Amino acid sequence: MEQGWVPNVGVLGDGFRRVLVSSETEIKFAVEKGRKPSVMEGIGERAREPSTYETIYFDTDNLALRRHRLELCVRNRDGRLTQKMKARAQSGNVLACQSHEIVLSDLQPNLDHARAWLPPNIRDVISQSSLSARFRTSFSRISHQFKSDACITRTSFDEGYIEATGQSELISEVEVKLRDGSLGSYTKQCLSFLDRVPAALLVESKAERGYRLASGELPRVVKASHLAVPWNLPLPEAILRILRHSFQHFLDNHPAVTLSGEPESIHQMRVAIRRLRSAIRMFSPVLRFEGANSLLESLKALFAKLGEVREADVFVGETLPCITQAGLGARLESVLLRRITAFRDHVYREARNELMSPEVARLVVQLNDWIETGNWLKADRPIDVLLVERSAEDFAVPRMRALYAKLLKQGSKARNGTLDDWHRTRVAAKKLRYAGEPLFGALAPKIDAERLSKQLSRLQTSLGRLNDLQTVTPFLARVRPYVQARSRRGFEAAEQFCRGWSVAAAAILVEHAEDAMEGFAKIGLDASA
């Protein structure tokens with residue numbers, strides 16, 4: 001999917017009767033149908049009377065707006081017609097969005113307003129004839145706007161349906177928007193709501209769900225876009241960009257993990273968490289963790305829970321075919337496949353339930369607050385003031401060299417060590433890649449950042465295959481308690497074959513790991529580079 005294009009609308013012409021411009025932080029929560037009494041208690045007693053919204057979403061035949069993460073809709077709210085366009089905000093805040101709204105006199109989109117939001121490469125190809133209705137929503141909304149000295153927020157409860165191609169999907173959600181003021185106060189309101197209402201995080205907008213309903217698709221897996229942070233960027237800004245990038249990657253894959261659970265979605269969410277945790281470790285000397293340690297522990301626990309699913313996916317998709325080729329036999333292959341698939345279904349349900357829990361909703365609200373408030377930068381000593389002006393290069397290059405040296409040392413030990421030593425080498429490689437890759441450009445011109453990234457990826461792949469082999473025995477031991485009695489004998493026979501195969505295959509994969517390690521060491525990223 002293309003990255004969202006953020007418009008710079010500027011001053012729109014006098015031809016518009018009225019233009020309403022807003023840039024807001026918003027988060028959505030899914031609530032079970034029938035929870036209205038508790039939702040109303042969470043919203044507050046001064047909630048407005050319900051308003052009725054009938055909305056039509058427009059796009060081209062090739063869904064150009066969707067590909068650029070733009071939304072165009074015409075909305076009838078209690079008889080008042082408006083056109084609204086929405087995109088991610090320019091600020092970079094993961095939960096922020098920007099929208100423009102104008103009053104209409106009929107249900108036809110106003111193309112002058114729409115074109116002000118379009119990227120130059122598609123602006124001229126949008127016409128009245130190229131746009132058509134793709135889907136519609138119909139819902140009632142009860143809202144309450146809260147004003148204090150600290151912030152202005154609006155909480156809305158929507159109930160209704162999304163309709164497309166003769167199908168419908170339920171809308172039952174609460175949206176909390178920060179319209180102005182303190183993010184910290186907004187966070188407290190979100191957490192207070194979650195204390196009262198058992199709601200789940202809802203990442204997809206109504207438009208995103210509408211597009212899926214119209215196409216019959218499940219949510220797409222999202223791979224992280226390439227991030228290259230300028231080496232001369234001030235250190236706090238560099239850290240913020242890296243944290244936001246991983247946080248966005250995590251949220252982008254939440255719909256795919258919870259609604260389809262396909263293997264690649266599990267993998268990408270774990271990559272996002274690993275990148276976030278690796279970045280935090282890399283910058284830990286300049287970070288404050290007051291109030292954040294519990295968040296990091298929650299991320300670690302979620303990573304581990306997803307890891308059980310990932311291990312099953314890797315065994316079925318990559319390891320089992322190799323074992324079958326080695327002579328496992330069709331009967332034992334069938335036993336393993338059935339039992340591990342059943343185990344995978346069990347641990348996936350547990351992981352999905354966790355992701356759909358109020359606890360993960362709270363985690364996301366608090367992580368966003370921690371990232372965006374910037375309270376993570378140390379300011380305890382007079383010398384810490386210099387961190388604000390320090391360049392990313394000054395801090396990152398010595399840290400990357402240290403991680404590189406640790407990787408080489410661990411790899412050297414593994415050559416004459418055990419499989420556990422190779423596992424620790426793999427961990428060291430991931431720390432360097434996931435934490436350092438956005439800033440590899442700071443090593444130029446002495447080090448080719450692209451070559452470094454490719455060699456590190458090759459090394460990680462080789463070490464990953466060795467790790468997959470190493471985890472065969474402990475993984476099957478975890479599956480064993482879930483095997484039914486009538487399948488126990490066949491499973492144990494297959495388990496014994498797998499243990500023998502892993503021992504025999506280890507020597508070959510260790511050789512491959514040694515070759516990859518030798519190639520990586522030639523890069524020469526040491527203190528003199």
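The questions and answers that follow concern a predicted model.

User: Which residues touch the most other members of the largest nonpolar core?

Analyst: The largest nonpolar core holds 122 residues. Its largest share, 12 residues, is contributed by helix H17, which spans residues 485-521. Apart from this core lies another one of 19 residues, including Ile56, Leu65, Ile102 and Leu131. Within the largest core, the members that touch the most others are Ile27, Phe29, Phe315, Leu336 and Phe520.

User: With which residues is Ile27 in contact, leaving aside its neighbours within four places in sequence?

Analyst: Ile27 is one of the residues that touch the most other members of the largest nonpolar core. In soluble globular proteins, nonpolar side chains tend to be buried together. Once the sequence neighbours within four places are set aside, the contacts of Ile27 are Leu95, Val174, Glu175, Val176, Tyr186, Cys190, Leu201, Val364 and Val365.

User: How many aromatic pairs are there, and is the pair of Tyr53 and Phe139 stacked or edge-to-face?

Analyst: The count of aromatic pairs comes to nine. For Tyr53 and Phe139, the ring centres are 5.1 Å apart and the planes meet at 5°. Planes under 30 degrees apart count as stacked. The pair of Tyr53 and Phe139 is therefore stacked.

User: How far apart in sequence are the parts that Tyr53 and Phe139 tie together?

Analyst: Tyr53 belongs to strand E2 (residues 51-59), while Phe139 belongs to strand E6 (residues 132-147). Both Tyr53 and Phe139 are buried. Phe139 also has Lys206 over its face, at 4.8 Å from the ring centre. Because Tyr53 and Phe139 lie in these two strands, their pair joins parts whose separation in sequence is 86 residues.

User: Which helices are tied together by the pair of Phe343 and Phe475?

Analyst: Phe343 and Phe475 form an edge-to-face pair, with 5.8 Å from centre to centre and 75° between the planes. Phe343 is buried at a relative accessible area of 4%, and Phe475 is buried at 2%. The two residues are 132 residues apart in sequence, so the pair ties together helix H11 (residues 330-355) and helix H16 (residues 472-479).

User: Which residues do ring pairs link into a cluster?

Analyst: Phe343 and Phe475 form an aromatic pair, and both belong to a cluster linked by ring pairs. The members of this cluster are Phe315, Phe343, Phe475 and Tyr482.

User: Over the ring of which residue does the charged end of Arg277 sit?

Analyst: A charge sits over a ring if CZ of Arg is within 6 Å of the ring centre and within 35 degrees of the ring normal. The charged end of Arg277 is 5.7 Å from the centre of the ring it sits over. That ring belongs to Phe303.

User: With which glutamates does Lys177 form salt bridges?

Analyst: Side chains of opposite charge can pair when their charged atoms come close. The closest N and O atoms are 3.3 Å apart for Lys177 and Glu24, and 3.7 Å apart for Lys177 and Glu26. Glu26 lies in strand E1 and Lys177 in strand E8, 151 residues apart.

User: Is Lys177 buried or exposed?

Analyst: Buried means under 20% relative accessible area. Lys177 has a relative accessible area of 5%, so Lys177 is buried.

User: How many residues apart are the salt-bridge partners Arg141 and Asp158?

Analyst: The salt bridge between Arg141 and Asp158 has its closest N and O atoms 2.8 Å apart. Arg141 is buried at 8% relative accessibility, and Asp158 is buried at 0%. Arg141 lies in strand E6 and Asp158 in strand E7 (residues 151-164), and their separation is 17 residues.

User: Which residues are exposed on the other side of helix H1 from its buried residues?

Analyst: In H1 (residues 36-43), the residues Ser38, Val39, Gly42 and Ile43 are buried. They cover an arc of only 140° around the axis, so they lie on the same side of H1. Their cover includes E6, E7, E8 and helix H5 (183-196). On the other side of H1, the exposed residues are Pro37 and Glu41.

Terms used
Residues numbered from 1 in each chain as written. Predicted model: local features only at pLDDT ≥ 70, side-chain atom pairs only at ≥ 80, totals over all residues. Heavy atoms only, no water. Core = buried A, V, L, I, M, F, W, Y, C linked by side-chain atoms within 4.5 Å. Buried < 20%, exposed > 50% of the residue type's maximum accessible area, 1.4 Å probe, protein only. Helix = DSSP H or I, 4+ residues; strand = E, 2+ residues; numbered from the N terminus. Contact = heavy atoms within 4.5 Å. Phe/Tyr/Trp six-rings, centres within 6.5 Å; stacked < 30°, edge-to-face > 60°. Salt bridge = Lys/Arg side-chain N within 4 Å of Asp/Glu carboxyl O. Arc of directions from axis to C-beta.
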